[in-house]
Amino acid sequence: PRPAAPVPESPRQREAGYRAALPGAGIPVDPQLIRVGGYEPEMSTEAAHELLTLDDRPTAIFAANDLSAIETVQVAHSLGLAIPGELSVIGFDNIPESALIDTPLTTIDQSIHEMGRQAVELLIDLIEGNAERPRQVTLPTRLVVRQSCGPVRS
């Protein structure tokens with residue numbers, strides 16, 4: 001069997017942000033509702049199916065990336081769930097496909113262009129000896145509201 005690939009840092013940080021935000025909104029963290037979807041469609045499909053077939057299924061899912069969120073939307077539709085009427089889904093990355101699916105995806109935009117520009121600047125500084133060591137840069141994000149989120153019907 002192939003060894004498992006190491007988990008990139010970004011999903012860990014996104015999960016940590018999720019765990020930190022819930023109590024701030026008055027919602028307890030429920031480990032039963034957290035799944036590892038990875039960045040592979042098969043893992044995301046399995047995780048979404050597990051969550052959406054629970055007896056007390058969630059009414060909202062935050063996926064660590066847009067590809068996982070798109071898979072979640074597809075699983076929800078295959079189970080006959082209305083988005084956003086019965087389930088809200090939000091992704092992260094704002095990839096072009098997120099705006100093009102049947103139910104356009106609410107997502108977090110992290111400006112891939114600016115990330116690339118900053119990365120090139122950091123690399124040039126390292127190559128030219130203008131930086132003693134790599135540094136971490138944090139860039140702003142913004143919420144892109146589309147049709148995949150809304151109030152759940154009672």
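Author: Contact here means heavy atoms within 4.5 Å. Keep in mind that this is a predicted model.

Reader: Fine. Then which residues is Val 73 in contact with, leaving aside its neighbours within four places in sequence?

Author: Ile 83, Val 89, Ile 101 and Leu 105. Each of them has heavy atoms within 4.5 Å of Val 73, so each counts as a contact.

Reader: And what makes a set of residues a nonpolar core?

Author: They have to be buried residues of types such as Val, Leu and Ile, joined through side-chain atoms within 4.5 Å. The largest one here has 16 residues, and Leu 52, Val 73, Ala 76, Ile 83, Leu 87, Val 89 and Leu 105 touch the most other members. Helix H2 (41–52) and helix H3 (66–78) are the elements that give two or more residues to this core, and H3 supplies the largest share, five residues.

Reader: On to helix H1 (residues 9–24): how do you know that its span agrees with its number of residues?

Author: At 1.5 Å a residue, its 16 residues should span 22 Å, and the end C-alpha atoms are 23 Å apart, so the two agree.

Reader: Which residues of H1 are buried, and why do you put them on the same side?

Author: Pro 11, Arg 14 and Leu 22 are the buried ones. They cover an arc of only 75° around the axis, and that puts them on the same side of H1. Ala 20 and Gly 24, on the other side, are exposed; that label needs over 50% relative accessible area.

Reader: What covers the buried residues of H1?

Author: Strand E1 (60–62) and strand E2 (88–93) are included in the cover.

Note on methods:
Residues are numbered from 1 along each chain as its sequence is written. This is a predicted model: local features need pLDDT of at least 70, side-chain atom pairs count only at pLDDT 80 or more; totals for chains, interfaces and linings use all residues. Side-chain values use heavy atoms; hydrogens and water are left out. Buried means under 20% relative accessible area, exposed over 50%, partly exposed in between (1.4 Å probe, protein chains only). Helices (H or I, at least four residues) and strands (E, at least two) are DSSP runs, numbered from the N terminus. The expected span of a helix is 1.5 Å times one less than its number of residues. The arc is that of the directions from the helix axis to the C-beta atoms.
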